[in-house]
Amino acid sequence: GSFSDGKNRFVYNKWMEVLLEKKKNTYLQISYINGIEFQSEKFDIVIGSGRKGQSYLYWSNNTLYQLPISFYTPLNSWCNSPGFPTNFIKFDRIIPGQCLECHGTYAEVKEDKDNMPVYNKNSIIYGIDCERCHGAAADHVNKKKNNPEIKTAKYIISTKQLDRKQRLDGCALCHSGSREAIKPAFSFSVGDKLDDYSTAG
């Protein structure tokens with residue numbers, strides 16, 4: 001979205017608005033209530049390719065939260081983040097591991113004593129890479145490096161080895177709507193039975 005004057009404002013009502021600003025190399029969402037700055041947070045993580053839209057997350061210590069304003073590509077405009085209230089500015093939506101499970105390749109996430117998700121920031125593999133669906137690939141790469149003549153994939157999940165249900169479950173993890181977790185985020189691997197890890201909502 002645009003950070004230019006006149007295009008960087010999302011107005012909730014006559015009392016509340018969010019300005020989207022770039023200050024040096026930092027992008028911010030700054031909320032104002034009755035013209036007084038209320039809360040300001042950085043764009044730390046971008047979720048979404050931008051084909052349909054993008055949403056944004058910020059860190060507070062080792063916990064992730066969603067920012068109130070997202071971007072909607074078809075209208076080329078800023079918008080209220082999905083599912084957020086339309087009558088007040090919300091900065092407190094916590095991002096559980098299941099969100100990054102579909103919007104990232106890996107993250108080590110645990111719950112603290114208050115059941116809050118706490119991330120190891122150094123563990124996060126951003127974006128969706130090959131390993132998200134095909135599993136850890138270090139052994140596969142090493143085998144191929146040392147044996148370039150081998151044409152058959154080794155030590156990696158291949159869809160040719162999976163039945164139809166396994167392939168569907170691999171896609172359904174992220175493409176079947178909201179699911180209720182039974183086991184921790186990132187414990188499911190393609191080839192597993194999805195219903196052992198989460199249930200349809």
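Ile30 has Ser40 in β4 as its bridge partner. The model is predicted: local features need pLDDT of at least 70, side-chain atom pairs count only at pLDDT 80 or more, and totals for chains, interfaces and linings use all residues. Residues are numbered from 1 along each chain as its sequence is written, and side-chain values use heavy atoms, with hydrogens and water left out.

**Strand pairing**

- β3 (residues 26-33) and β4 (residues 36-42) are antiparallel and share six bridges; two strands count as paired if DSSP finds at least two bridges between them.
- Strands (E, at least two residues) and helices (H or I, at least four) are DSSP runs, numbered from the N terminus.
- Besides the Ile30 bridge to Ser40, Gln29 stands opposite Glu41 in β4.
- The hairpin of β3 and β4 has two residues between the strands, and Asn34 in its turn has a positive phi of about 55°.
- β2 and β3 run antiparallel, joined by eight bridges.
- Glu17 has Tyr32 in β3 as its bridge partner.
- β2 and β3 also form a hairpin with two residues between them, where Lys24 in the turn has a positive phi of about 55°.

**Tyr27 in β3**

- Tyr27 belongs to strand β3 and is partly exposed because its relative accessibility is 33%.
- The classes are buried under 20% relative accessible area, exposed over 50% and partly exposed in between, with a 1.4 Å probe and protein chains only.
- Neighbours within four places in sequence aside, Tyr27 is in contact (heavy atoms within 4.5 Å) with Phe3, Glu21, Lys22, Glu41, Lys42 and Phe43.
- The C-alpha atoms of Tyr27 and Phe43 are 5.6 Å apart, with the two residues 16 apart in sequence.

**Nonpolar cores**

- A nonpolar core is a set of buried Ala, Val, Leu, Ile, Met, Phe, Trp, Tyr and Cys residues joined through side-chain atoms within 4.5 Å.
- The largest core has 15 residues, of which Tyr12, Phe43, Tyr56, Leu67, Ile69, Trp78 and Ile89 touch the most other members.
- At least two residues of this core come from each of β2 (16-23), β6 (53-60) and β8 (69-72), and β2 gives the most, with three.
- Trp78, leaving aside neighbours within four places in sequence, is in contact with residues including Gly1, Phe3, Phe10, Leu20, Phe43, Tyr56, Ile69 and Phe71.
- A second, separate core has twelve residues, among them Ile47, Trp59, Tyr119 and Ala185.
- In soluble globular proteins, nonpolar side chains tend to be buried together.

**His134 in α2**

- His134 lies in helix α2, which covers residues 130-134, and is partly exposed because its relative accessibility is 31%.
- Not counting residues up to four places away in sequence, His134 touches Ile156 and Ile157.
- His134 and Ile156 are 22 residues apart in sequence, and their C-alpha atoms are 5.9 Å apart.

**Whole chain**

- The protein chain has four helices and 14 strands.
- Its C-alpha trace spans about 65 × 35 × 35 Å along the principal axes.
- Of the 201 residues in the protein chain, 33% are buried.
- Among contacts in the protein chain with a separation of 6 or more, 36% are between residues 24 or more positions apart.
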